[in-house]
Amino acid sequence: MKNRKITFLLLLVASCSLIAQGEKDLPAYKDAKRSVEERVSDLMSRMTLEEKVMQLNQYTLGRNDNANNMADPVNDIPPAIGSLIYFSSNGDLRNRVQKRAMEETRLGIPIIFGYDVIHGYRTTYPISLAQACSWNPQLVEQACAVAAQEARMSGVDWTFSPMIDVARDARWGRVAEGYGEDPYANAVFAAASVKGYQGTDLASGKNVAACLKHYIGYGASEAGRDYVYTEISGQTLWDTYMLPYEEGVKAGAATLMSSFNDISGTPGSANHYTLTEVLKERWGHDGFVVSDWGSIEQLRPQGVAKDKKEAALKAFTAGVEMDMMNRSYDNHLGELVKEGKVSEALLNDAVKRVLRVKFRLGLFDNPYTPQTTEKERFLFPQSLKIAEQLAEESIVLLKNENNTLPLKNVSKMAVVGPMAKSQWHLLGSWRAQGNADDAVSLFAGLENEFKGKAQLSFAAGCDFDGDDKSGFDEAKKIAAQSDVVILCLGEKAQWSGENASRSTIALPQIQEDLVEELKALGKPVILLLSSGRPLELNRLDKISDAMLQVWQPGIAGGNPIAGIVAGRINPSGKLSMTFPYSTGQIPIYYNHRQSARPHQGKYQDIPSTPLYDFAHGLSYTTYTYGDLKPSTLTIKKGDKLSIEIPVTNVGGIDGLETVHWFVFDPVSTISRPVKELKHFEKQMIKKGETKVFKFDIDPLKDLGFINADGKRFLESGDYYIIVKDKKVKVTLVD
Ligand code: BGC
């Protein structure tokens with residue numbers, strides 16, 4: 001007995017010392033107690049040139065519906081790959097491939113799995129352009145946090161989002177993916193979404209790394225066509241396109257994506273100035289830049305590289321650390337280092353950046369995705385509530401003649417149009433793992449809302465396009481028997497998003513004809529318009545009584561829309577992008593420069609003003625704005641200034657109101673826009689109540705401007721602070 005005890009003790013001591021020995025031998029990079037930088041340096045010291053190069057490549061894995069971007073066969077994936085775009089909707093496949101990276105490679109470096117989680121993962125939210133119309137960054141942050149959790153729990157560590165390209169040409173299909181035409185709005189939503197995705201701890205298992213894209217100027221695509229040239233002066237680069245990226249970087253965005261576009265002769269993916277001098281040297285970003293899909297290889301057709309090798313050299317030395325689906329770095333980077341064309345220091349810096357993000361995500365310590373059921377990770381009641389609220393707040397009431405809406409005393413309703421029963425198109429482009437079956441169609445939403453109150457009939461009338469009018473008669477028949485006609489019109493989901501430019505932003509003629517024929521019946525006509533871009537509505541404006549821009553609202557779909565139609569919800573959305581009078585006005589945006597002859601230079605054939613301005617959006621209640629009250633009328637450069645405005649809800653119901661604060665500097669060394677958004681705030685104002693809105697002005701940031709070198713400056717003189725039609729002058733003295 002005694003002997004057995006001794007043997008046991010000896011064994012215990014031996015195994016303890018083995019464990020201690022093991023811990024002592026644990027390479028520093030595997031030791032979770034060490035700092036990220038220590039772990040990165042240790043790992044770097046162990047890596048060969050080939051291993052380093054492999055970290056800088058991204059292939060794809062899993063199912064993919066995007067015909068443009070096809071996935072790689074699983075067996076072709078080298079386990080030492082740095083990253084994969086992950087198209088599957090659960091962790092299984094990821095874990096299998098990750099296991100090979102962890103166990104079949106010399107150093108066991110985990111793969112980072114990225115994916116386009118743009119407006120939700122499975123719980124699909126409204127498209128980003130619509131989200132911006134909510135002017136509610138807190139809500140957007142919450143939506144991004146839900147998307148992050150669903151994605152991370154499904155095997156995605158990194159989202160290629162937010163897209164913060166200021167966009168002023170609605171023909172460009174990708175306007176759907178960003179936050180509209182204004183630099184400041186894009187900056188605010190950039191920061192909100194980065195916070196939502198990344199949270200406070202990237203390694204929590206519920207957060208993902210964000211990726212600001214497409215750096216930079218992609219929104220300036222000529223004539224709204226995708227992948228083409230962009231003409232951007234240094235001045236415009238800084239005063240229009242940079243701010244969202246600067247704020248996104250400040251918010252901690254782990255990564256950025258270099259853009260497809262040629263920026264005045266130097267493509268975004270070969271641009272040393274933007275990628276290195278500004279991003280890394282000036283802003284101190286220590287994460288990494290991934291190319292856009294094929295954007296390195298595309299330096300060749302863009303005319304700045306003779307072959308893939310030169311493209312790799314240009315992109316890498318400009319500051320693109322990871323190669324998305326170009327097969328340029330894995331094929332050529334090692335060779336370029338050996339030839340001395342790429343320095344080892346630059347290679348090491350790039351690899352460090354990638355590893356840093358992997359360590360911050362906790363991938364070395366928890367490389368695998370825990371197995372969960374769909375129920376355990378998708379569509380939580382709280383997530384659906386956010387989806388509903390965000391859709392509610394992003395819908396914009398464009399027009400409401402004679403208070404047609406909300407509907408009162410209606411017993412028979414004709415619901416007509418190709419969008420009425422669609423679930424698919426309500427999800428928009430880049431729907432990640434969104435499932436059309438989860439979406440409430442406009443018809444279903446109206447049915448839920450009006451159950452027991454009104455009788456609904458349906459006729460599609462026509463398709464989204466084409467010239468088949470055979471369904472018009474049925475539509476007219478049900479309309480004739482109803483008190484009101486609700487027309488559900490708009491764009492198919494695939495009409496916006498990537499590679500989805502249109503020469504006109506009007507709806508196809510057949511949809512306009514349908515409205516015209518139904519209007520002739522003399523019934524009130526309400527248009528529910530679903531699209532991924534602003535529309536040309538001047539003809540429909542004349543023949544409709546009310547128009548609700550519902551965008552692509554995500555899975556909440558018909559419920560919040562019907563709530564607005566019925567008056568259960570008071571609409572509060574305001575446009576994040578101007579609705580031109582007609583396509584010919586494009587580019588048209590509120591913050592244009594001053595004209596040399598403001599009273600001339602108009603179009604001869606159409607109005608020169610938009611149909612619906614930036615920030616336009618009606619409510620069912622009425623707000624009166626009091627006078628602007630500045631804390632002082634004269635300030636010095638270092639002083640602070642605050643301005644208040646009281647807003648009273650004088651109508652019959654409670655409402656959410658957003659106040660937009662603009663600045664105008666009429667005389668400056670560099671000419672400035674007629675109005676620049678500098679602040680916005682949304683508050684609930686109950687009927688009869690007055691709320692005070694306040695803008696705390698930091699003169700350099702809010703009154704100053706930026707020059708072509710990205711330097712802020714502030715000049716003495718008069719400035720106007722503008723809210724709606726109220727304006728106050730403050731003077732800045734030296
Ligand atoms: C798009 C990016 C996207 C990437 C990966 C590209 O075609 O331009 O926005 O993140 O594909 O799917």
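**Salt bridges, ligand shell and an annotated domain**

In this predicted model, a network of salt bridges links Lys280, Glu321, Asp349 and Arg353. The structure as a whole holds 45 salt bridges, and several of these can be described in terms of the parts of the chain that they join.

One of them is formed by aspartate 365 and arginine 39, whose closest N and O atoms are 2.7 Å apart. This pair links distant parts of the chain, since aspartate 365 is in the loop between helix H12 (344-360) and helix H13 (374-377), whereas arginine 39 is in helix H2 (residues 36-46), and the two are 326 residues apart. The two partners can also be described by their accessibility: aspartate 365 has a relative accessibility of 34% and therefore counts as partly exposed, while arginine 39, with a relative accessible area of 4%, is buried because this value lies under 20%.

A further salt bridge is formed by arginine 360 and aspartate 286, with 2.9 Å between the closest N and O atoms. Here, too, distant parts of the chain are linked, with arginine 360 in helix H12 and aspartate 286 in the loop between helix H9 (272-282) and strand S9 (288-291), 74 residues apart. Arginine 360 has a relative accessibility of 32% and so counts as partly exposed, and aspartate 286, with a relative accessible area of 31%, is likewise partly exposed.

The side chains of glutamate 491 and arginine 533 also meet in a salt bridge, at an N to O distance of 2.8 Å. Because glutamate 491 lies in the loop between strand S14 (484-490) and helix H17 (509-519), and arginine 533 in the loop between strand S15 (525-530) and helix H18 (538-542), the pair ties together parts that are 42 residues apart in sequence. Both glutamate 491 and arginine 533 are buried.

The surroundings of the ligand were examined next. The ligand is surrounded by 13 residues, of which the closest are Asp116, Arg174, His214, Asp292 and Glu498. By class, the residues of this shell divide into 6 nonpolar, 2 polar and 5 charged.

The side chain of threonine 159 reaches the backbone oxygen of valine 117 at a distance of 2.9 Å. With a relative accessibility of 1%, threonine 159 counts as buried, because this value is under 20%.

Finally, the unreviewed UniProt entry carries the annotation "domain: Fibronectin type III-like", which covers residues 657-727. In the model, this span is 7% helix and 55% strand, and its end C-alpha atoms lie 19 Å apart.

Notes
Residues are numbered from 1 along each chain as its sequence is written. This is a predicted model: local features need pLDDT of at least 70, side-chain atom pairs count only at pLDDT 80 or more; totals for chains, interfaces and linings use all residues. Side-chain values use heavy atoms; hydrogens and water are left out. UniProt positions are given in the numbering used here, feature names are shortened, and annotations may be inferred rather than shown by experiment. Helices (H or I, at least four residues) and strands (E, at least two) are DSSP runs, numbered from the N terminus. A residue is near a molecule or strand if one of its heavy atoms lies within 4 Å of it. Ala, Val, Leu, Ile, Met, Phe, Trp, Tyr, Cys and Pro count as nonpolar, Asp, Glu, Lys and Arg as charged, and the others, Gly among them, as polar. A salt bridge is a side-chain nitrogen of Lys or Arg within 4 Å of a carboxyl oxygen of Asp or Glu. Buried means under 20% relative accessible area, exposed over 50%, partly exposed in between (1.4 Å probe, protein chains only). A polar contact is a pair of N or O atoms within 3.5 Å; within protein, one must be able to donate a hydrogen and the other to accept it, and residues adjacent in sequence count only if both atoms are side-chain atoms.
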